[in-house]
Structures are given as structure tokens and as C-alpha cells.
Amino acid sequence: MEHDLVLELPSDVRSIEHAVEYVVRRCQTFEDHAHRLRLNFRVGLTEALSNAMLYGNDHDPSKRVRVEVTLTAGAIRARITDQGDGFDPCSIPDPTCPENLMKSGGRGVFLMRQLLDEVLYNEQGNEVTLVLRLNRALPGLEGGARA
Amino acid sequence: MGFQVSRSGGVTLVEVDGQLIVGNRQELKQKVLEHLEAGDRKYVIDFANTGYIDSSGLGVLVSLSKKIREQGGELRLSSLNEDLRTLFELTKLDTLFRITDTKEKALEGL
């Protein structure tokens with residue numbers, strides 16, 4: 001598949017903010033969905049990049065994170081791939097359970113799933129595809145976040 | 001982008017300018033912990049000029065809240081915009097923090 005935007009990033013969390021802002025700016029043609037881009041897509045992409053650099057590539061600056069974004073009339077798809085061994089996304093406990101609420105970590109995958117329409121992992125668990133649909137209004141909180 | 005720290009009436013006010021994300025969360029943590037070690041116990045973190053917070057940013061707020069409480073102090077949050085409130089509600093962290101509309105309200109009675 002041909003992608004509209006491809007980025008290769010070092011595993012440096014300081015690069016995340018600029019990369020996310022660049023991708024979001026490139027998606028600004030979908031101005032009818034500005035709020036969902038600003039909140040849902042931006043936070044979801046930040047989480048995916050953060051997970052890829054911190055946990056996937058284990059902070060290793062020699063390892064890269066690849067971002068492939070495809071824009072269509074109906075959806076924005078962002079595929080984020082790291083060079084790590086992968087993980088089991090089903091192993092992440094629900095951070096909203098009372099016993100987990102005071103934990104400082106474990107909210108990234110949860111937020112991605114709440115904010116995006118689809119969050120798809122490959123079998124190895126080192127690649128995640130985020131899908132933000134643009135052709136329908138989602139129920140729940142304004143902007144499509146699902147409570 | 002950064003963190004502006006001021007102190008007034010026994011309360012340490014931290015204003016977050018820009019984002020609170022994985023790339024700068026340690027800076028916020030370090031600043032607050034320095035004040036905690038110096039004896040400050042009452043804190044307000046204000047988000048009037050904050051674009052967004054990611055899960056790492058939320059995590060550092062939880063961590064700081066725990067440390068401040070352990071020292072007998074209190075942390076309040078203020079001026080969350082609609083997007084930020086959504087993130088706190090989704091993660092149920094709105095049940096963990098005292099959140100006010102303005103920093104002035106947060107400072108009242110602290």
C-alpha cells in the first residue's frame with residue numbers, strides 16, 4: 001500500500017511532540033474533524049510512539065520507530081512499528097479498576113483504545129495500527145471519545 | 001513551553017505551559033519533588049495554558065499526588081479544558097484528584 005506520509009524516528013521521546021504535531025498538521029485537510037484530530041488522534045499517536053520507544057525499543061537509540069500514515073476520505077490510518085520483540089496487548093490490566101487507579105503507568109494502550117475507532121496489533125505485538133474514522137459521529141463524549 | 005513555579009500564601013503553584021507528555025514529565029516531577037524536599041506541602045498545578053496530556057503525564061500526576069499525600073500534603077488541579085477533562089474522565093482520574101475550574105478556586109481554603 002502506498003502511504004501518504006512516512007516517518008522514521010529515533011527512539012528519543014523528545015522527538016514525539018514534533019512528530020505528532022507534524023502528522024496532525026498534514027491531516028488538517030479534514031477540518032470538519034478538527035476536534036477529533038486534536039484530541040483523539042493526537043493523544044492516540046503520542047501513546048503509540050511512546051510505547052514503541054520506551055517499551056518496544058527499550059530506549060535503545062540505535063533502534064528506530066517507523067510511522068506510516070494513510071489518508072482517505074473515510075479514515076486516517078497510522079501504522080507504528082518498532083524494532084523490539086513485541087508484547088501481548090491483552091496482558092495490560094484495566095487501569096480504571098480501583099486496584100490500579102493509583103498506579104503511575106498502564107494507561108497508554110487503554111487511552112488508545114478509548115480514543116481511536118480501531119487499534120490493531122500484529123501477531124508479534126511490535127506493530128500497531130490506529131484507525132480514526134471520519135465518516136460517522138461516534139457516540140459518547142464530544143469528539144468521539146467513548147466513555 | 002515549560003513549567004512556571006511560584007509560591008504564595010504557603011501554596012506552591014505550578015503552571016504548565018504547552019504539553020505534559022513523556023518528553024517533559026520528568027522535569028515537572030523534579031521541580032515538585034525539590035519543593036517537597038524543601039518542606040512545601042500544598043500544591044496547585046494549573047493547566048490553563050496546556051494543550052494536552054498523555055498517559056505519562058497523567059502517571060506523573062498520580063505519582064506526585066501519592067508522594068505529597070505521604071508527606072501530609074495536598075495536590076489540587078485547576079483549569080482543565082474540555083479535552084483534558086475528557087482524559088481524566090476516561091481514566092477515572094477525576095475521582096482521584098480535587099479539580100477546580102480556576103487556580104483561584106483551587107487556592108481557596110488550601
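Lys92(B) counts as partly exposed, with 16 C-beta neighbours inside 10 Å; a residue is buried if 20 or more other C-beta atoms lie within 10 Å of its own, exposed if 12 or fewer, and partly exposed in between, with C-beta atoms placed from the backbone. Lys92(B) is not a glycine, yet has a positive phi of about 65 degrees. The loop that holds Lys92(B) runs between H3 and strand E6 (98-100) of chain B; helices (H or I, at least four residues) and strands (E, at least two) are DSSP runs, numbered from the N terminus.

This is a predicted model, in which local features need pLDDT of at least 70 and side-chain atom pairs count only at pLDDT 80 or more, while totals for chains, interfaces and linings use all residues. Residues are numbered from 1 along each chain as its sequence is written, and chains are lettered from A and ligands numbered from 1 in the order in which they are written.

A positive phi also occurs at Ser79(B), about 60 degrees, although this residue is not a glycine. Ser79(B) sits in the loop between strand E5 (74-78) and helix H3 (82-90) of chain B. Ser79(B) is buried, with 22 other C-beta atoms within 10 Å.

The contact between the chains involves 24 residues from chain A and 22 residues from chain B, two residues being in contact if their C-beta atoms, placed from the backbone, lie within 7 Å. On the side of chain A that touches chain B, helix H1 (16-26), helix H2 (34-56) and helix H3 (108-115) of chain A each supply at least two residues. H2(A) gives the largest share of that side, seven residues.
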